[in-house]
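Here is a friendly tour of one protein chain. Take a look at the model first, and then we will walk through some of its features together.

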Amino acid sequence: MDHTTPSAPDPHVAHLTDYALSYLHSAALRTAASIGVADHLADGPRGAGELAALTGASEGHLRRILRLLATRDVFREDDKGAFHLTPLAERLRSDTPSSLREAVLMATDDSFTRPAARLEDTVRTGRSVFDEIYGAPFFEYLSRDPGAGEAFDRGMASVSSGEDDGVAAAYAFPAKGTVVDVGGGRGGLLRRALVRNPGLTGVLYDRDAVLRGHSLDVPELAGRWEVRPGDFFTSVPAGADVYLLKRILHDWPDEDCVRILRTCRAGMTADSRLLAVDAVIPQDNAPHPGKILDVLMMTTLNGQERGEEEFRRLFAEAGLRLVRVVPTGTAVSIVEAAVAA
């Protein structure tokens, strides 16, 4: 008779297996967001059968993905089989100001997941395989495919909406003057900066196709803004007091960042300030949202997130000096730069 004591289960097996299969959590999240499950729970819990009828899904399959999402606190299943909204699931609703549905759809789109599946190739070669898969670099691909470009713009606006007020509140803008939001998308950050600082005027500077969807035309900002199309690799509006670059530099490798910064430097006066709003990666092993975004930038854009010293070096090459790093209470910080002496 074998009296050997059974060995304890190895927790590392379950942990690594779950980690390896985490792409299925992402796929389930995208599915729930895409078919609008959270919208159908706004008035109260519903069973999988009712949700399936409302969303045009298979009842059994839908229940199984919601059951999986409930293990991560996205939805909750009660003992009667009804699914409830949780605080995370609330953010998947499409009809709330704090919705992250478009951000989820953007982050789980094929344009991000297919290059990520070939991360090994990127790590071996030092370059994204995006253009190999799609026939063009990321931003050129978006310009060729209006649907993809619109989905990206909606997703970025969704991400930014949760950061913009924190960024605008964290920095002491001048009482009067002009702010240029370089590559500012739909203008969410510029809008919050102008609302908080009524003595400022603003210029939203981006591609013409993006500017058509801007959010500045509201009564409280009447007469205080303009939109101006252009290319930040060639020029920016000159003479502004503050230049914003929110989530721009992380899209590009160092040499392109220096080109963008030199273009901004050419438009700055001796008293202008440049605010690079990006994740600033700490030198430790702790989790940080910028660390996963850094790998996303690697796979899709040949870009990267940076630490303080990396920003300092970029600024120096462009004739700027790093003044300070200002935390914002969000995933991004403000890296302030001035014209170098």
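What follows is a short briefing, grouped by topic.

This is a predicted model, in which local features need pLDDT of at least 70, side-chain atom pairs count only at pLDDT 80 or more, and totals for chains, interfaces and linings use all residues. Residues are numbered from 1 along each chain as its sequence is written, and side-chain values use heavy atoms, with hydrogens and water left out.

**The chain as a whole**

- The chain has 17 helices and ten strands; helices (H or I, at least four residues) and strands (E, at least two) are DSSP runs, numbered from the N terminus.
- Its C-alpha trace spans about 85 × 50 × 40 Å along the principal axes.
- Of the 341 residues in the chain, 42% are buried; buried means under 20% relative accessible area, exposed over 50%, and partly exposed in between (1.4 Å probe, protein chains only).
- The accessible surface of the chain is about 17500 Å², and carbon and sulfur atoms hold 53% of that area; the areas come from the Shrake-Rupley method with a 1.4 Å probe, and for residues only the protein chains shown count as cover.
- Contact means heavy atoms within 4.5 Å. Among contacts between residues at least 6 apart in sequence, 61% join residues at least 24 apart.

**A nonpolar patch on the surface**

- Leu21, Tyr23 and Leu24 form a nonpolar patch on the surface, and together they have about 290 Å² of accessible area.
- Like charges are joined within 9 Å, and nonpolar side chains (Val, Leu, Ile, Met, Phe, Trp, Tyr) within 5 Å.
- Leu24 sits in helix H2 (residues 22–35), and it counts as partly exposed because its relative accessibility is 40%.

**Leucine 301**

- Leu301 lies in the loop between helix H16 (289–300) and helix H17 (308–317).
- With a relative accessible area of 13%, Leu301 is buried.
- Leaving out residues up to four places away in sequence, Leu301 touches Ser128, Phe138, Phe139, Asp251 and Leu296.
- Leu301 and Phe112 are 189 residues apart in sequence, and 9.8 Å apart in space, C-alpha to C-alpha.

**Cysteines**

- A disulfide is a covalent bond between the sulfur atoms of two cysteines.
- Counting a pair of cysteine sulfur atoms within 2.5 Å as a disulfide, the total is zero.
- The closest cysteine sulfur to that of Cys257 is in Cys264, 11 Å away, so it is too far for a bond.
- Cys257 is buried at 0% relative accessibility, and Cys264 is buried with a relative accessible area of 0%.

How values were computed
Patches are made of residues with over 30% relative accessible area and no salt bridge: like charges are joined within 9 Å, nonpolar side chains (Val, Leu, Ile, Met, Phe, Trp, Tyr) within 5 Å. A salt bridge is a side-chain nitrogen of Lys or Arg within 4 Å of a carboxyl oxygen of Asp or Glu.
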